[in-house]
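Please look over the sequence and the structure shown here before reading on. The paragraphs that follow go through a selection of features in turn.

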Amino acid sequence: MFIEADINPTNTEMTDDESERHLILQTYRHLLHSFKTPPDEKDLKMLRAAFDLAVEAHREQRRKSGEPYILHPIEVARICVEEIGLGPTAAVCALLHDVVEDTQVSLKDIHEQFGDRVALIVDGLTKLDGLHETESPQAENLGKVLRTMLSDVRVVLIKMADRLHNMRTIKSMPENKQKKIAAETSFIYAPVAHRLGLHKIKTELEDICFKIEHPDEYKDIARKLEEKRKLRGDYIEKFIQRLHEIFKDLEFPYRVLGRPKSIYSIWRKITTKHVSFEDIYDLFAVRVIIDVPKELEKRRSWDVYSFITDHFQPVPERLRDWITTPKSNGYESLQTTVLGLDNKFVEVQIRSERMNEIAERGFAAHWKYKNGGKKDDPDIYEKWLNRVRETIENSSGNAIELLADIRSELFTDEVHVFTPKGQMKTLPEGASALDFAFSIHSDLGCTCRAVRINNRVVPIHYKLKDGDQIEIIADKNQKPSEDWLQHVATSKAKNRIRSALKEEKRIQADFGKEIMERKLKSLRVPLEENCDMLAKWFGYHNRMEFLSAVYLGQVDPRQVNRNFRADGIYLVEKEEVKAVSAAPPRSFVPKNKVGVKPEIIINDEPGSYYQYSFAHCCNPVQGDSIFGFVLTQGGLKIHRATCPNANNLLAQYGHRVLNATWGNTSKSDFLTKIIVTGIDTGPGVIQQLTNRIYDLGINIRTFEISGEGGYFEGHLGLIVVNTDQLQRAILELRKFDWVSNVSRAD
Ligand code: MN
């Protein structure tokens, strides 16, 4: 056929078609070869059937990159097999994972052809239909994945492979979509991967997200790493060589690997530990992997430890024994840092082949060892699945809350505490004494007045520590209040508090209703027909909120008479009032009162007009990259792309995020905040700083300065016209040699 095409060069379509088919088959063959143990006849037949069905179903579809869509499910299947270590059934499901969602094939068809199990998994992977009505389709869909995971863990593993492939090929997406997907990934998928111990996948996801979210920082670190790659490689090689000499008397097989650090992990260290690239760069890491039977793992690991520390000085406080007590995501390893050759620090990880596989492939590897292993093994993942189940059962049903609960409860480590009778309770790290009270009984939680920990009275929001013994002091007159929600971390406590508050609100609303009804009597209209309108007019989300505010005196009922007249059974706004309220509602008046309101272009449609305001969390300045966030009550908030809330918003409410850019470069004024730190050289500091700023033609709105031990920290509110001017101010202030750092505050 190829020859024919060659002879007849005008038939180019045929050639494309043929080479595409060739590519698809080649990718599929690659998938088949990726199985460690070749699939048997029956499995091969099923794989082929899934492949044929998927090829046919996706025939007309293409990915954003232009390549045939079918390559995506094949690649996802290959990741499942080769990188996660799953078997043929998972590969079949991966091949079919987008079929029901995107094509004519129904779940019933899948069920008929492939049976219960495959249908269950594919269903779990199929996005819910018609979700655009709900607040967060992303959260709803992930909730579904987690729920199905309880019946078959492969659902979440295939989902991870799907996400990984989408991230690997994200380049062909438009930039704003990339940002949205990256936010969703770093907000939820990377933590799930971490929780499941899928270390390699987690690391890769984080690096891709980081590259999209912080392209400049990414390039910077990548460049520095590249510059030092040779030096670094030489050193590690020398060190490993030395280890081989030290290990020459070891009586069991082992291997030693150098360990590259991910760009994202370097950046995280730089920002959270406030160290320089060079400090981290100097930290080398190697891994010693030993091949011994399970019962000898621990002893042999310590043998290796003592061989190494006979020759290199260890740093005692860096010793970690995750073998005796594995991490809650299953991770096992013996870790230390030694002073290596040329007095450079080297981190050493010692572990068995089994531990290594668990460290890299977590959940998936664990499953494999569990099948062959002893039944009485403490099963970390089983426990975790039980907690997922509990969280889902306890959840109020709102997908966004579920997602938040899962994040806070399941992605953290645990604390172990005791009741006065010595009974142990396990709670997520970050849980408070109040969480503990609710974990015992919801009545005890609701009436919790004070707490005694290790015989000392502490406030109810005290954060639990390992080994605490806790006694709850209850008081019948105590009632949960709104601020309690800030003090608890577990979903159980949150839900109990929420329902108690709701009950309280319902009672208040009943009283408020009476007040409003009395008011409306004078206008001779019923409350029922007008309540929703009034709630909205006064700016409340719903009746209950509105009526309880009436009871609490937060709404002035006289406003009704002043602004409305009766028209039959309905209230209508008086004419003169309407004219006034046609102006933008107060929350959308832009912050910058001086100068012109800047034009914001939404989704690349010039002239599109939106009522917007600038978010206070990040105070955008003209020139910043920004996005728009649609508020539920209408209108738009403009955030900086680097806003600390951005990831959260993009991940959970991606559908409410609009692409925004600056329009005209008008002379608008923007309030922004900077922080200046440095050495306190005396009373002249403030004057020198302010003079330099005024010299640049910038006004200062606020200036607070505080100092301690010869250092000062100044918080300045500046009025600037754009980021150029702001950047110039920052650079100018840095020129003082007594200033150590100047940065934007938000
Ligand atoms: Mn997919």
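How are α9 and α10 oriented to each other? In this predicted model, the two helices pack at an angle of about 140°, and their axes are 7 Å apart. Angles over 145 degrees would count as roughly antiparallel, and those from 65 to 115 as roughly perpendicular; α9 and α10 are therefore oblique to each other. On the side of α9, the residues that meet the partner helix are V145, T148 and M149, and on the side of α10 they are V155, V156 and K159. Sorted by class, the residues of this contact comprise four nonpolar, one polar and one charged.

The helices α9 and α10 also take part in the surroundings of another helix. Helix α8 covers residues 116–125, and V118, A119, I121, V122, G124 and L125 are buried within it. These buried residues pack against α5 (88–96), α6 (99–102), α7 (107–114), α9 (137–149) and α10 (154–168).

G85 is found in the loop between α4 (71–83) and α5. With a relative accessibility of 44%, G85 counts as partly exposed, because the class of exposed residues begins over 50% and that of buried residues lies under 20%. Leaving aside residues up to four places away in sequence, G85 touches C80 and R361. G85 and K36 are 49 residues apart in sequence, and their C-alpha atoms are 8.4 Å apart in space.

K597 has a relative accessible area of 29% and is partly exposed.

Among contacts between residues at least 6 apart in sequence, 64% join residues at least 24 apart. The protein has 746 residues, of which 46% count as buried. Its secondary structure comes to 30 helices and 22 strands.

A second pair of helices illustrates another orientation. Helix α23 (residues 491–521) and helix α25 (residues 543–551) pack with their axes 7 Å apart, at an angle of about 70°. That angle makes α23 roughly perpendicular to α25. The crossing of α23 and α25 is left-handed. From α23, the contact draws on K502, K505, R506, Q508, A509, F511, G512, K513, I515 and M516, and from α25 on M544, E545, F546, L547, S548, V550 and Y551. By class, the contact of α23 with α25 has nine nonpolar, three polar and five charged residues.

W537, F538, Y540, F546 and F564 form one aromatic cluster. In total, the structure holds 20 aromatic pairs. What is the arrangement of the rings of F247 and Y254? Their centres are 5.1 Å apart and their planes stand at 80°, so this pair is edge-to-face. A pair of aromatic rings is described by these two kinds of quantity, the distance of the centres and the angle of the planes. The two residues can also be described by their accessibility. F247 is buried, with a relative accessible area of 1%, whereas Y254 is partly exposed at 24%.

Most residues other than glycine have a negative phi. D342 lies in the loop between β5 (334–339) and β6 (345–352), and its relative accessibility of 54% makes it count as exposed. N343 is likewise placed in the loop between β5 and β6. Phi of N343 is near 55°, again a positive value in a residue other than glycine. N343 is exposed, with a relative accessible area of 60%.

How values were computed:
Residues numbered from 1 in each chain as written. Predicted model: local features only at pLDDT ≥ 70, side-chain atom pairs only at ≥ 80, totals over all residues. Heavy atoms only, no water. Axes fitted to C-alpha atoms, helices over the stretch in contact; angles between N-to-C directions. Helix = DSSP H or I, 4+ residues; strand = E, 2+ residues; numbered from the N terminus. Parallel < 35°, antiparallel > 145°, perpendicular 65-115°, else oblique. Left-handed = near helix turned anticlockwise from the far one by under 90°. Contact = heavy atoms within 4.5 Å. Nonpolar A, V, L, I, M, F, W, Y, C, P; charged D, E, K, R; others polar. Phe/Tyr/Trp six-rings, centres within 6.5 Å; stacked < 30°, edge-to-face > 60°. Buried < 20%, exposed > 50% of the residue type's maximum accessible area, 1.4 Å probe, protein only.
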